[in-house]
Amino acid sequence: MYPEDIRGIEDIGKLPVINKAEIEKNLKENPPFGTFQGDLPACRIQSSTGTTGMPKPFFQSKHDWDVLGNLWARRLNAQGITAEDRVQVSLTYALFIPGFTSTEGIMKLGAMVIPLGSGAVTNTERQVTLARNWGATCLLMTPSFALHFADVAEKMGFDLKKDFQVKRLIHTGEPLPPAMRQRIEERWGLPAYDNWGSVETGAPTFECELKNGVHINEDAYYFEVTEPETGNSLPDGKEGLLTVTTLFKESSPLVRYNIGDFTKIIPESCSCGRAFRRMASVHARVDDMVKVRGSAIYPTSVEPVVRKYSELGSEYRLVVDNVNNKDIIKLQAEIMQDCSTDELKEKILNDVNNVLGIKCNDVELLPFGTLAQEASAAGRIKFKRLLDLRKK
């Protein structure tokens, strides 16, 4: 194949699909930054969080950074942020990219940034106090932290719907499944917006006020959904692996990058009037899948079960282990209120078995704050929903 073989976007299928494993291999063979960063001047490095391996660095040029700030401003504007808002950012200011890029977008809109960082940097009790005292009108955080924030605020004696000036919740960094969004919106009495992205891509999507899939910033990215085995593009409406090409990146450009998320392109236009196509919310990731007794399971599949029970807190995880040469699964969740735990555990166990399709061996109900404290002590940016002890 030669460069002249690519005449337009219709020829993109002639190019190979690349994936995370190839980038990791390139970094290992060409330390420390690999050979995919490009040769234009870069002003900073951001990287993946390293939850599935070593952090993967991606360079950003000054042009890249300016565009990402503009794309975040577009996101926030679509979700109702104006120059009158005070946006409390509870995303990590480190190698994790959205804390910085969202801050750029907030300032471009003329709004005020309250840059508190994650709960590991500014503890949750202080975040609650500052949100109330400083009159934050928007909270920008991961979905799991929004629920943990609500748990802590209520434990401190605050009424989420009366004691804060918050008008909307904006999320990124983690999936926002329907059951989780419903739980967040019911507890806060506010709209919660989803934004899909990654350190490799930046800010490629945003949810509009209708909250029916995320719009793709098609002036900055080209999205395909591809067949996992062949890499061939699938038609709109068919589910497969999301493959992204960046159209603006000077540093670390990506062409047909399989990011490992399962989704589909929504074929219908959005009634909000925007012409950008939409992508369905990501419901599963290749990296999150684990094989147990020969069956593939995803930890997020138990999300609706946990959100169903008001007795449970916001945090949960599946623990997989091998005991006497047999794989076992346990759901760990936090208990919010006194109740008959034996009866509750039995109900939860039955529900988990139904959604997993294979037997869950146990449900462990932990004191409130146990899992959140563990995550904070480990300095984790995203809450891990799976602990596979077989790998140790």
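Analyst: Let's start with two helices: α2 and α3 are roughly perpendicular to each other. Keep in mind as we go that this is a predicted model.

User: How do I read that from the angle at which α2 and α3 cross?

Analyst: The idea is to look at the angle between the two axes: 65 to 115 degrees counts as roughly perpendicular. Here, helix α2 covers residues 62-78 and helix α3 covers residues 98-108, and they cross at roughly 70°. Their axes come within 7 Å.

User: Is the crossing of α2 and α3 left-handed or right-handed?

Analyst: Right-handed, in this case.

User: Which residues of α2 and α3 meet there?

Analyst: From α2, you'll find Trp65, Asp66, Leu68, Gly69, Asn70, Trp72, Ala73 and Leu76. Across from them, α3 brings Pro98, Phe100, Thr101, Ser102, Glu104, Gly105, Ile106 and Lys108. Sorted by class, the α2 and α3 contact has eight nonpolar, five polar and three charged residues.

User: Now a single residue. Is Thr243 buried or exposed?

Analyst: For this one you check the relative accessible area, where under 20% means buried. Thr243 has 0%, so Thr243 is buried. You can find Thr243 in strand β12, which spans residues 240-246.

User: Which residues does Thr243 touch?

Analyst: Leaving aside residues up to four places away in sequence, Thr243 touches Val17, Tyr222, Phe223, Glu224, Thr226, Arg256, Tyr257 and Asn258.

User: And sheets? In what order do the strands of the open four-stranded sheet lie?

Analyst: Follow the pairing from strand to strand: β9-β10-β15-β14, with antiparallel pairing.

User: Which strands are the edges of that sheet?

Analyst: An edge strand pairs on one side only, and here that goes for β9 (205-207) and β14 (265-266).

User: How many bridges join β9 to β10?

Analyst: Three bridges link β9 with β10 (residues 214-216), and the two strands run antiparallel. To see one spot in detail, go to Phe206, which stands opposite His215 in β10.

Notes: Residues are numbered from 1 along each chain as its sequence is written. This is a predicted model: local features need pLDDT of at least 70, side-chain atom pairs count only at pLDDT 80 or more; totals for chains, interfaces and linings use all residues. Side-chain values use heavy atoms; hydrogens and water are left out. Axes are lines fitted to C-alpha atoms, for helices over the stretch in contact, and angles run from 0 to 180 degrees between N-to-C directions. Angles under 35 degrees count as roughly parallel, over 145 as roughly antiparallel, 65 to 115 as roughly perpendicular and the rest as oblique. A crossing is left-handed if the near helix is turned anticlockwise from the far one by less than a right angle, and right-handed if clockwise. Contact means heavy atoms within 4.5 Å. Ala, Val, Leu, Ile, Met, Phe, Trp, Tyr, Cys and Pro count as nonpolar, Asp, Glu, Lys and Arg as charged, and the others, Gly among them, as polar. Buried means under 20% relative accessible area, exposed over 50%, partly exposed in between (1.4 Å probe, protein chains only). Two strands pair if DSSP finds at least two bridges between them.
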